[in-house]
Amino acid sequence: MISEQLVDLSRLQFAATALYHFLFVPLTLGMVWLLLIMESVYVMTGKVIWRDMTQFWGKLFGINFALGVTTGITLEFQFGTNWAYYSHYVGDIFGAPLAIEGLMAFFLESTLIGLFFFGWSRLSKPKHLLVTMLMAIGTNLSALWILIANGWMQNPVGAEFSYQTMRMEMIDFWAVVFNPDAQAKFVHTVSAGYLTGSMFVLSISSWYLLRKRDVEFAKRSFGVAAAFGLASALSVIVLGDESGYTVGEAQQTKMAAIEAMWQTKPAPAGLTLIAGINETEQKNDWEVEIPWVMGLIGTRSVTRQIPGINDIKIKNHERVTNGIIAVKALEALRQNRNDVQALSTFNATKADLGFGLLLKRYVSDMAQVTPALIDRAVNDTIPRVVPMFWGFRIMVVLGFAMLALFGLAFFSTIKVAQEKKPWLLKWALWMLPAPWIACELGWFVAEYGRQPWTIYGVLPTHLSVSTLSVNSLYGSLAGFIGFYTILLVVEMYLMIRFAKQGPGSLGTGRYAFEAMNHEAANGTGEKK
Amino acid sequence: MIDYSTLKIIWWILVGILLIGFAIMDGHDMGVGTLLPFVGKTDLERRVVINTVGPHWEGNQVWFITGGGAIFAAWPVVYATAFSGFYWALLAVLWALFLRPVGFDYRSKIHNSTWRSVWDWGLFIGGAVPPLIFGVAFGNLLEGVPFQFDSYMVSTYSGSFWQLLNPFALLAGVVSSTMITMQGGAYLAHRTEGEIQRRTIIGAIGAALLMVLAFVAAGIWLQFIPGYRITSVMDTGALADPMNKTVIRESGAWMVNYGKQPLLWLLPAIAVAGALVTAALLVARRTLAGFVTSSLALVGVIGTAGASMFPFLMPSSSMPGASLTLWDSVSSHLTLGIMFWATVIFMPLILFYTSWAYRVMRGKVTVEHIQANEHSAY
């Protein structure tokens, strides 16, 4: 059997590398569109300040993009290095969107980003704009294919298990592509990225306005960010609700954990705002509830029930019991492919194969399964409630706080009154970390909530790992965290330095703090 | 729909094309990185070198990413077994590659000689380490890798990282390193002038000659290394089950294909001739032609390795019957078909916009160019 420590370390390494990667991705997703808007205005009006805006924000975009690429390389290969059994078991389906992402999207984005930075003097204005647009499209298509892969982990449609090859195989590619979970995740995730990009530009512009420097530059940037950010904030909330709906269809367990719904409530269920969760006794000591709302979000009806954790467990108990039969039949088939009896048993029970495999965490031989072990496996099917419940709520609160901010920012832009409201500018500045916290929490809720599965209902996490030594994992985990942290510090240093210097870093002679370039060039700058 | 056996062959060729594309495109960036500290003596010279690949390395690196994705999609069990088995080797590649995006983008953003020198060596590591390790990995594939499967198809690797560094594999590493340096040198010579170009050409010629020596030596050595041969009848259209055959290890098995199909000798011949002609062309300053012949040499080297091992992808030394071949380690018929069409549609587009990007940025990169673009150049 696979050691628990190996599984935990492998999970920790994946979580750490994915969360690091996701610090950079949302900003990239959002900023490409802001750059496209700014450059479009430049091409249409010919006003050079808009080109300066594109180039300055593009510089910060580039600093961020470099680490997005660095941390992204890991993720393309980590399924193979650390999740070998997963890769074998579902590569037939999961590998395809990853490869298509490379062919269709990442090539486009990465080839054109070079022209975006270095092609200004070599391309006509419309051609450069086209480059920026294709780069933005490539970036977003990239997210689409990654989330198709991820959506399949949450809701594995269009595939079937084959006992001959001992893996899942694709039977319907379009079902995988148009998986409702994947589509809902895509729109919600890219909207979150747009919001992150808008927040970044809004905050830094507000800082310039508070300091009363580069005011014309900052006001325009503020306006673009406010408008795009307001649209993004609305869409992230509306589409987040849409992904709540699909979660309700495909993954009721996640929903029940997010809502700390221990018991099934009569329809339409109320939305629990906050609660005192008692995980050991599986109940809430107290809760504040708004009637009806949860039922509407989860089922789009007033009559359908959302199952609570108790009912999900009862159903899963049945599936685990059934799954044991499937595992036994599969093992017989692997010994003798012509065992007709085993094949018919297997075909009758294979829908629950994954639930039987949950027991492999405790015993390798299904003959040794006891009722107590079945109960443990059933309990494993529910993720821990406290982190899900609060992680989700913090994300939502931050989302609404950003919506309010962008609403006010947009309103003050229309009235050309940005500079006159220092409280708004300060609010915008202090909210800078909010989209990152919300994005990371959203990712956490989606992936932690999928536990104990890598592929929901199909492949348990503890079976998915590579058979590496625990020491290898300690070494690589330390290496990744150390390496990434150093790079993150370097990135933050550069980001803050260039954000502080502002558009003067372009060396055009039109902005404040141009002198920093010369100081730096003469080696008398802050960095010695 | 194309039948399963044909698709399996097509995918062997497509992965080969992706590997060759990676070697030609990302390879020349890595070669430039390898040469960087040696052909650029001053900060300005180094910026010239870096900016020859500055607008392109990002797109070129996607050959590596897409290669990984394509192996995942087309040969999932190879992706799983190779990358988990070669765990530390692959991590060393990844960690070396980490230094490139930040090296390129961050290096010239700060005016400080220590800062810049650190990133220059980072770019050197990011350019030199991956090709070396890929070569060593290929050497190990030719020797066979100790892995086995249980009835659940869980793979276990019973070797260690240090075992990968055996003499034959290290020689394969030298072949790979020198060919990538030659490739980078030919490219860099084409995009630079004067003193930088002169130093680059010396380096590239040295790399080309060394590559020929190492490649020929490895070829001779290969005669004495036991290869692998399938002894059962292979149903090429069957479902992918790598445990359903018998394989033996025997000396000379890697030469069998050349006996059956003498035309295959063209591949090693192209490798050697390509490198020698590249050296000659670079002496004559015919840099673009040199880049083309150097690319042909890469086709020859990678083709030679593939042709020797066909149909094996990853032979197992500890459980030869579990060796992974292009017949039994593939994805399902449907997935191979979909991925084939995706490649047929997108690969020409990629080649189109990549060549457009190179055309836009064509011409020599000079010291004056860097000085004029102080704030925007890398």
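Biologist: In which helix is the place of Leu115(A)?
Modeller: This is a predicted model, and what follows is computed from it. Apart from neighbours within four places in sequence, Leu115(A) is in contact with residues that include Leu123(A) and Pro55(B). The element that holds Leu115(A) is helix H3 of chain A.

Biologist: Is Leu115(A) buried or exposed?
Modeller: A residue needs 20 or more other C-beta atoms within 10 Å to be called buried. Leu115(A) has 26 C-beta neighbours inside 10 Å, so Leu115(A) counts as buried.

Biologist: Which residues of chain B are in contact with Leu115(A), and how far is His128(A) from it in space?
Modeller: Leaving aside neighbours within four places, the contacts of Leu115(A) include Pro55(B), Ala357(B) and Val360(B). His128(A) is 13 residues from Leu115(A) in sequence. From C-alpha to C-alpha, the two are apart in space by 7.8 Å.

Biologist: Which element gives the most to the side of chain A that touches chain B?
Modeller: The contact takes 68 residues from chain A and 62 residues from chain B. On the side of chain A, at least two residues each come from helix H2 (48–82), helix H3 (84–118), strand E2 (167–170), helix H18 (470–501) and helix H19 (515–521). The element that gives the most, with 25 residues, is H3(A).

Biologist: How many residues of the side of chain A that touches chain B are charged?
Modeller: The residues on the side of chain A that touches chain B include 35 nonpolar and 26 polar. The charged ones number seven.

Biologist: Which residues have the most contacts inside the largest nonpolar core?
Modeller: The largest nonpolar core has 285 residues. H3(A) gives the most to this core, with 23 residues. Domain 1 and domain 2 of chain A each supply at least three residues to it. The residues with the most contacts inside the core are Leu34(A) and Met211(B).

Biologist: Which residues does Leu34(A) touch?
Modeller: Residues up to four places away in sequence are not counted here. Leu34(A) then touches Trp57(A), Gly197(A), Ser198(A), Val201(A), Val224(A), Ala225(A) and Phe228(A).

Biologist: How far apart are the C-alpha centres of the two domains, domain 1 and domain 2 of chain A?
Modeller: Domain 1 of chain A covers 4–251 + 383–521, and domain 2 covers 309–380. Their contact takes 10 residues from domain 1 and 12 residues from domain 2. On the side of domain 1, strand E6 (459–460) and helix H17 (461–464) are the elements that give two or more residues. The C-alpha centres of the two domains lie apart by 39 Å.

Biologist: What radius of gyration does chain B have?
Modeller: Chain B has 14 helices and six strands, and buried residues make up 57% of its 378 residues. Its C-alpha trace spans about 65 × 40 × 40 Å along the principal axes. With 378 residues, a compact globule would have a radius of gyration near 21 Å, and chain B agrees, with 21 Å.

Notes:
Residues numbered from 1 in each chain as written. Chains lettered and ligands numbered in written order. Predicted model: local features only at pLDDT ≥ 70, side-chain atom pairs only at ≥ 80, totals over all residues. Contact = placed C-beta atoms within 7 Å. Helix = DSSP H or I, 4+ residues; strand = E, 2+ residues; numbered from the N terminus. Nonpolar A, V, L, I, M, F, W, Y, C, P; charged D, E, K, R; others polar. Domains from an automatic or database assignment. Core = buried A, V, L, I, M, F, W, Y, C linked by C-beta atoms within 7 Å. Buried ≥ 20, exposed ≤ 12 C-beta atoms within 10 Å, placed from the backbone. Rg over C-alpha atoms; globule rule 2.2 N^0.38 Å.
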